[in-house]
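This briefing goes through a structure by topic, beginning with the surroundings of one ligand. Please keep the sequence and the 3D view open while reading.

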Amino acid sequence: MAGPAFRAAAVRVRVPASSANLGPGFDAFGLALGLYDDVVVRVAESGLDIDIAGEGADTLPRDESHLLVRSMRAAFDVLGGQPRGLEVVCANRIPHGRGLGSSSAAICAGIVAARAVATGGAERLDDAALLELASEIEGHPDNVAACLYGGFTLAWTDAGVARAVRMEPAASVVPVVFVPARPVLTETARGLLPRQVPHVDAAANAGRAALLVEALTRRPELLLAATEDRLHQEYRAPAMPESLNLVNRLRADGVPAVISGAGPTVLALTDGDAADQVEKIAHVAGEEWAANRLALDTAGASVLPLSTTGTAGTSGTAGTTEPSGPTGQTGSAGPTGTSQ
Ligand SMILES: Nc1ncnc2c1ncn2[C@@H]1O[C@H](COP(=O)(O)OP(=O)(O)O)[C@@H](O)[C@H]1O
Ligand SMILES: N[C@@H](CCOP(=O)(O)O)C(=O)O
């Protein structure tokens with residue numbers, strides 16, 4: 001097959017933050033959150049030009065080693081050819097190394113943007129292939145599934161190939177995040193996990209993970225029981241003792257709280273009257289923690305009209321904007337269903 005032609009027009013892609021694991025669903029569950037990175041990509045005559053605002057503006061590389069660019073390159077290889085040049089403008093709001101899926105967001109943004117600038121991109125790189133490629137680059141499928149699909153996702157791998165189903169989280173659930181100032185890289189937090197776990201712990205997690213599907217989609221009153229974990233959170237405590245302490249204090253007070261992804265952010269899932277709940281949670285957390293209420297994202301990665309605005313913030317929730325839905329120039333960019 002001949003390589004793709006490329007559109008001259010720029011494309012804008014918006015990708016949500018995500019919280020993985022949700023307690024018992026290690027490397028499986030993901031929840032898309034209403035906090036977004038935006039990227040505008042244009043195929044150019046030559047070279048690579050990267051502009052970054054917000055998170056990582058002072059630290060991220062501006063060359064081929066940039067994660068989003070590497071992900072675009074991988075997608076272009078699958079699509080059948082590389083463009084001569086690229087201009088990339090990033091507005092980053094998802095904090096890095098906090099357990100809110102920033103690396104997955106960068107990977108998904110790159111792959112979705114590459115598909116959108118290539119003519120016939122959706123046929124050459126379908127939704128299942130998109131998930132597969134994103135998961136391969138990230139190394140685990142939970143965040144990328146939530147980032148691509150939005151909502152509440154359950155991901156798994158079949159003979160090394162990532163698959164996922166998307167579910168609709170109950171609309172009454174409101175995520176509240178506590179984002180520590182200092183990052184813990186996912187690689188570091190994964191390095192703390194044991195190679196083997198007691199059978200009794202694995203069995204306990206299996207039951208709670210199954211319960212979480214019912215709790216998060218239909219019966220949020222079960223969320224406290226359904227978010228109990230024995231497979232990763234305590235093992236990671238040495239890298240994030242204050243976060244574990246907050247999780248334990250919130251849970252002791254009846255609040256379903258977990259370590260978000262590989263941490264150190266703490267995620268609490270409230271139900272019902274959100275304003276009251278957030279106040280209660282913030283009170284239990286104490287003054288040293290800032291409680292940030294987020295929306296649930298249901299759209300997932302989207303190609304948006306170029307006119308979509310939103311300035312990049314510099315902290316966890318600054319600059320948060322609601323997506324206007326998958327109504328971009330090439331239609332919905334991200335997958336909207338299941339990949340099985
Ligand atoms: N928007 C981005 N653009 C480029 N690289 C990014 C971006 N977001 C994250 N990264 C890379 O991913 C790293 C963080 O990934 P990781 O440790 O998995 O934490 P997180 O929980 O935020 O995904 C950053 O240090 C950076 O190297
Ligand atoms: N299942 C992974 C999730 C990592 O999420 P991140 O947002 O911290 O990158 C893990 O627990 O390692």
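Helix α1, strand β4 (85–92) and helix α2 each supply at least two residues of the shell around ligand 1. The model is predicted.

**Shell around ligand 1**

- The ligand is surrounded by 21 residues, of which Leu67, Ser102, Ser103, Ala106 and Thr186 are the closest.
- Among the elements, α2 gives the most to the shell around ligand 1, namely 3 residues.
- By residue class, the shell around ligand 1 holds 8 nonpolar, 11 polar and 2 charged residues.
- Domain 1 (11–168 + 297–304) and domain 2 (174–293) each contribute at least three residues to the shell around ligand 1.

**Shell around ligand 2**

- There are 17 residues around ligand 2, and those that come nearest are Ala20, Gly99, Thr186, Gly261 and Ala262.
- Helices α5 (142–149) and α6 (186–190) each supply at least two residues of the shell around ligand 2.
- The element that gives the most to the shell around ligand 2 is α6, with 3 residues.
- The shell around ligand 2 is made up of 5 nonpolar, 9 polar and 3 charged residues.
- At least three residues of the shell around ligand 2 come from each of domain 1 and domain 2.

**Helix packing around α2**

- Helix α1 spans residues 67–79 and helix α2 spans residues 102–117; their axes come within 7 Å and cross at roughly 40°.
- The α1 and α2 crossing is right-handed.
- Helix α2 also packs with helix α4 (residues 127–138), at an angle of about 140° and with the axes 10 Å apart.
- Angles count as roughly antiparallel over 145 degrees; α2 and α4 are therefore oblique to each other.
- The crossing of α2 and α4 is right-handed.

- Most residues other than glycine have a negative phi, and most peptide bonds are trans.
- Asn21, a residue other than glycine, has a positive phi near 80°.
- Leu22 is not a glycine either, and its phi is positive at about 55°.
- Asn21 sits in the loop between β1 (11–20) and β2, and Leu22 is found in the loop between β1 and β2 as well.
- Are Asn21 and Leu22 buried or exposed? Asn21 has 29 other C-beta atoms within 10 Å and is therefore buried, and Leu22 is buried because it has 30; the cut-off for buried is 20 or more.
- The peptide bond that joins Gly263 and Pro264 is cis, with omega about 5°.
- Pro264 lies in the loop between β8 (257–259) and β9 (266–270).

- Leu35 is part of strand β2, which covers residues 29–44.
- With 29 other C-beta atoms within 10 Å, Leu35 is buried.
- Leu35 and Pro83 are 48 residues apart along the chain, and their C-alpha atoms are separated by 30 Å.
- Val89 belongs to strand β4, one of the elements that supply at least two residues of the shell around ligand 1.
- Val89 has 16 other C-beta atoms within 10 Å and so counts as partly exposed, since that class lies between 12 or fewer (exposed) and 20 or more (buried).
- From Val89 to Ala134 the distance is 20 Å, C-alpha to C-alpha, and the two are 45 residues apart in sequence.
- Lys280 is located in helix α10 (residues 274–285).
- Lys280 is partly exposed, because 18 other C-beta atoms lie within 10 Å.
- The C-alpha atoms of Lys280 and Asp253 are separated by 9.8 Å, and the two residues are 27 residues apart along the chain.

Technical notes:
Residues numbered from 1 in each chain as written. Chains lettered and ligands numbered in written order. Predicted model: local features only at pLDDT ≥ 70, side-chain atom pairs only at ≥ 80, totals over all residues. Near = placed C-beta within 6 Å. Helix = DSSP H or I, 4+ residues; strand = E, 2+ residues; numbered from the N terminus. Nonpolar A, V, L, I, M, F, W, Y, C, P; charged D, E, K, R; others polar. Domains from an automatic or database assignment. Axes fitted to C-alpha atoms, helices over the stretch in contact; angles between N-to-C directions. Left-handed = near helix turned anticlockwise from the far one by under 90°. Parallel < 35°, antiparallel > 145°, perpendicular 65-115°, else oblique.
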